[in-house]
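Dear colleague,

Please find below the structure that I am handing over to you. My notes on what was found in it follow.

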Amino acid sequence: LLPDGSTRTTFVAQIPAGTLDSTTHAISAVFIPSGEAPYAATTFGLDSEDGNLTIAPATLTNELEISAPVTRDYNRNAEVAQATLKGVLGEDLPVTISYRDDGGTPISSPFDAGVYTVIVNYDGSNNNYNPKSWEFPGHIQILAIPLTVTPNDKQRPYGVDNPELDGQITG
């Protein structure tokens with residue numbers, strides 16, 4: 001407010017150009033009188049001081065997309081989840097993916113039969129977003145291959161050693 005209670009002025013903040021990262025940036029304010037009497041530019045002894053513009057990290061919400069859950073039979077291949085994360089400006093953000101078996105033990109990638117939790121982490125490395133982690137329990141299920149063992153029928157006379165046993169394994 002001016003001395004007479006009016007607001008016939010403008011304050012203009014000078015902010016560095018470009019997209020600003022989450023941190024503190026120096027800014028300056030410039031007082032521009034409206035030019036109307038009695039507040040022409042020469043009316044005031046103008047003094048400007050610098051200030052700060054602090055940009056806080058954003059909180060990520062639902063920008064994560066993860067590959068569909070997988071249930072499959074064991075096939076000697078590791079299963080790998082894929083995930084993408086977008087920031088509020090649509091930019092791609094780096095994520096890491098890790099896994100835990102159904103006993104809670106961290107593993108490098110699901111390989112053996114079992115149920116696995118997929119963990120997606122964003123570490124906040126670019127300072128514009130708070131770190132966040134998502135867990136998807138049971139996202140990968142690798143089923144054991146069913147095996148059937150069928151012994152071949154054998155016979156032996158009483159008092160003679162047992163014959164060697166054999167059979168077929170299918171599955």
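The lining of the largest pocket consists of seven nonpolar, three polar and two charged residues. Here Ala, Val, Leu, Ile, Met, Phe, Trp, Tyr, Cys and Pro count as nonpolar, Asp, Glu, Lys and Arg as charged, and the others, Gly among them, as polar. A pocket is an open set of points on a 1 Å grid over the protein atoms alone, where a 1.4 Å probe fits, with protein on both sides within 12 Å along at least five of seven lines; lining residues have an atom within 4 Å of a point. The space in the largest pocket is about 150 Å³, a volume being the space filled by probe spheres set on the points, which are joined across faces, edges and corners. Leu20, Val88, Leu89, Asn128 and Tyr129 are the closest to its centre among the 12 lining residues.

The model is predicted: local features need pLDDT of at least 70, side-chain atom pairs count only at pLDDT 80 or more, and totals for chains, interfaces and linings use all residues. Residues are numbered from 1 along each chain as its sequence is written, and side-chain values use heavy atoms, leaving out hydrogens and water.

Next, the strands (DSSP runs of E, at least two residues, numbered from the N terminus). Two of them pair if DSSP finds at least two bridges between them. Strand S11 (residues 132–143) runs parallel to S5 (residues 70–73), joined by four bridges, and Val70 has Ile140 as its bridge partner in S11. S10 (residues 114–122) pairs with S11 in the antiparallel sense over eight bridges, where Tyr122 stands opposite Lys132.

Yours sincerely
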